[in-house]
Amino acid sequence: MRAALFALLLTGCSSQVGALPISGQLGTTTTSTTTTTSTTTSTSTSTSTTTTTTVAPVTVPLVVERPMPSTTTSTSTTTTTIPEAPTLTELVEVHFLPEDRAWAMRVAFCESSAQGRDTHSSAVNKSSGASGWYQHLPKFWEERSIAAGVPGASMFDPEANVIVASWLFYKTPQGAGHWYPSESCWSN
């Protein structure tokens, strides 16, 4: 019986899928007894020797199989879509009236070679520092951007550049005159 249990444990009861091993010890002590009998004929003497040998315990792991509880794994994926930057045409459509949009596009082209599909402008006039699609002058930018409702915005911020141009066109007495140096380009 003990040998059968030992053989069962050694064959890997814990190899079943979903088994939960539980450790323990199963100790076995083996005792070996040897009896030696010798006889001498001259004197009828009989000697009997008994030797007892104890072998150290063998430790075999005790494994008890238990089914694993059912688990559910859930994975979720979040996709973030970064919207494309608006084009000059899209910004002009938002910030200029329909009757003024063609004019606003011509001014941007005359001032900075802007195209309707552009999403930004890095145009800078080296002598005056005028920047962006509508070539705003740095010395007036802070005051005008605050008045137009975009305080702290960069002249290179595409929407701020268009907002300030719109504000100059609609809200100041000078209107289109802010771009008089390029008037020969955009007035036709």
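Visitor: Is Phe-169 buried or exposed, and at what relative accessibility?

Guide: Buried means under 20% relative accessible area and exposed over 50%, with partly exposed in between (1.4 Å probe, protein chains only). Phe-169 has 19% relative accessibility, so Phe-169 counts as buried. This is a predicted model, in which local features need pLDDT of at least 70 and side-chain atom pairs count only at pLDDT 80 or more, while totals for chains, interfaces and linings use all residues. Residues are numbered from 1 along each chain as its sequence is written, and side-chain values use heavy atoms, with hydrogens and water left out.

Visitor: How many aromatic pairs does the structure hold?

Guide: A pair of aromatic rings is described by the distance of the centres and the angle of the planes. Rings of Phe, Tyr and Trp (its six-membered ring) pair if their centres lie within 6.5 Å, and planes under 30 degrees apart count as stacked, over 60 as edge-to-face and the rest as tilted. There are nine aromatic pairs in the structure. In one of them, Trp-103 and Phe-169 are stacked, because the ring centres are 4.3 Å apart and the planes are at 25°.

Visitor: Which parts does the pair of Trp-103 and Phe-169 tie together?

Guide: Helices are DSSP runs (H or I, at least four residues), numbered from the N terminus. Trp-103 belongs to helix H3 (residues 101–112) and Phe-169 to helix H5 (residues 158–171), so the pair ties together parts 66 residues apart in sequence. Trp-103, at 10% relative accessibility, counts as buried.

Visitor: Which kind of aromatic pair do Tyr-134 and Trp-179 form?

Guide: Tyr-134 and Trp-179 are edge-to-face, at 6.1 Å centre to centre and with 65° between the planes. This pair links distant parts of the chain, 45 residues apart, with Tyr-134 in the loop between H3 and helix H4 (138–147) and Trp-179 in the loop between H5 and helix H6 (183–186). Both Tyr-134 and Trp-179 are buried. Ring pairs join Tyr-134, Trp-179, Trp-103 and Phe-169 into a cluster with Phe-96, Tyr-170 and Trp-186.

Visitor: What volume does the largest pocket have, and which residues are closest to its centre?

Guide: On a 1 Å grid over the protein atoms alone, a pocket is an open set of points with protein on both sides within 12 Å along at least five of seven lines, and lining residues have an atom within 4 Å of a point. Grid points are joined across faces, edges and corners, and a volume is the space filled by probe spheres set on the points. The largest pocket has a volume of about 320 Å³, and of its 18 lining residues, Gln-135, Leu-137, His-178, Trp-179 and Pro-181 are the closest to the centre.

Key. On a 1 Å grid over the protein atoms alone, a cavity is a set of points where a 1.4 Å probe fits but cannot get out, and a pocket is an open set with protein on both sides within 12 Å along at least five of seven lines; lining residues have an atom within 4 Å of a point. Helices (H or I, at least four residues) and strands (E, at least two) are DSSP runs, numbered from the N terminus.
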